Structure formats: structure tokens, C-alpha cells
Amino acid sequence: MGRREQRENIFQLLFMTEFNDGEAMNEQQRLYLEGIEDLKEKDRIYIQEKFQKINEKIPQLDERLNETSKGWKTSRMNKVDLTILRLAFYEILWDEDVPQSVAINEAVELAKKYSSDEAPAFINGVLGKIASA
């Protein structure tokens with residue numbers, strides 16, 4: 001499984017946290033991972049660990065996003081865009097294996113696939129501000 005596919009699975013798990021918490025999310029995560037065909041153990045571990053790391057930093061990520069995205073607080077953002085921003089922002093700040101430009105590009109690609117027509121430009125703009133700060 002490539003990094004793009006891993007990232008997409010992490011995105012989907014993060015999105016689920018908007019609707020599930022605690023034990024329910026643990027069960028959803030287990031079911032989700034079981035549903036991935038031919039999931040290799042190393043991919044499962046990578047997805048679970050990165051999901052957990054991002055999930056733990058959501059309060060910090062949201063605080064920084066609120067500081068950066070003037071006029072668009074996280075409480076007003078659509079959940080898909082917010083999830084994409086959290087994932088990319090985590091990669092920019094804390095994932096040394098992912099170059100900043102790759103994190104931004106991958107976020108824009110996720111927005112093209114999962115969000116509205118306006119989302120890629122919005123995502124790119126917010127992440128561009130974060131990256132230049």
C-alpha cells in the first residue's frame with residue numbers, strides 16, 4: 001500500500017471521530033481496518049499509529065487552525081475540510097517523513113476527491129498560510 005492510500009485511510013478514520021468517540025470509535029476503527037482487503041500488517045500499524053498521534057493532537061491542531069484561518073473557525077468548517085486540514089497540518093508540524101509540499105499537495109488531492117469544488121483552493125490557502133508562518 002502506498003503512502004497516498006495510507007493517508008486516505010487515515011483521513012477516513014479521522015473523519016469517523018466526528019461521529020464516534022471512545023469505545024464506539026475503537027469498534028469503528030477495528031471494523032474499518034478489517035474491511036480493507038489484503039491489508040498488510042505494516043500498513044495496519046502505520047495507519048493506526050498515525051491516526052492515534054493525530055487524534056491526540058486535535059485540540060492543538062484546532063487551536064492553530066483557528067489562529068491561522070481568519071474568518072473560518074474550525075466550528076464553522078465543514079467536517080471533511082476540517083479533517084483534511086487536521087491531517088495535513090499534523091504532517092507539516094510533526095511528521096518529519098512528509099515534506100511540507102507533499103502534505104499540502106496530498107491535502108488538495110483529498111479535497112478534490114472528497115469535498116466541494118471550492119475546497120481545494122480553501123485547503124491550499126489555509127495550508128499555504130500555515131507553511132509560510
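Start by selecting Asp-38, which sits in the loop between H2 and H3; helices here are DSSP runs of H or I with at least four residues, numbered from the N terminus. Asp-38 is exposed, with a relative accessible area of 71% (exposed means over 50%, buried under 20% and partly exposed in between, with a 1.4 Å probe and protein chains only). Check its backbone too: Asp-38 has a positive phi of about 55°, although it is not a glycine. Most residues other than glycine have a negative phi.

A word on what is on your screen: this is a predicted model, where local features need pLDDT of at least 70, side-chain atom pairs count only at pLDDT 80 or more, and totals for chains, interfaces and linings use all residues. Residues are numbered from 1 along each chain as its sequence is written, and side-chain values use heavy atoms, with hydrogens and water left out.

Next, select H1 (residues 3–16) and H2 (residues 22–34), whose axes lie 10 Å apart at an angle of about 150°. Axes are lines fitted to C-alpha atoms, for helices over the stretch in contact, and angles run from 0 to 180 degrees between N-to-C directions. H1 and H2 are therefore roughly antiparallel (over 145 degrees; under 35 is roughly parallel, 65 to 115 roughly perpendicular, and the rest oblique). Show side chains for Asn-9, Gln-12, Leu-13 and Met-16 of H1, then Met-25, Gln-28, Gln-29, Tyr-32 and Leu-33 of H2, which make the contact (heavy atoms within 4.5 Å). By class, this contact of H1 with H2 has five nonpolar, four polar and no charged residues.

On the H1 side, pick residues including Arg-3, Ile-10 and Leu-14; on the H3 side, residues including Asp-43, Tyr-46 and Phe-51 take part in the contact.

The largest nonpolar core has 36 residues, and Leu-13, Ile-84 and Leu-127 have the most contacts inside it. Such a core is a set of buried Ala, Val, Leu, Ile, Met, Phe, Trp, Tyr and Cys residues joined through side-chain atoms within 4.5 Å. Select H5 (79–94), the source of the largest share of this core, nine residues.

Which residues is Ile-84 in contact with, leaving aside neighbours within four places in sequence? Look for Phe-11, Ala-107, Leu-110, Ala-111 and Ile-123.

How values were computed:
Helix = DSSP H or I, 4+ residues; strand = E, 2+ residues; numbered from the N terminus. Nonpolar A, V, L, I, M, F, W, Y, C, P; charged D, E, K, R; others polar.
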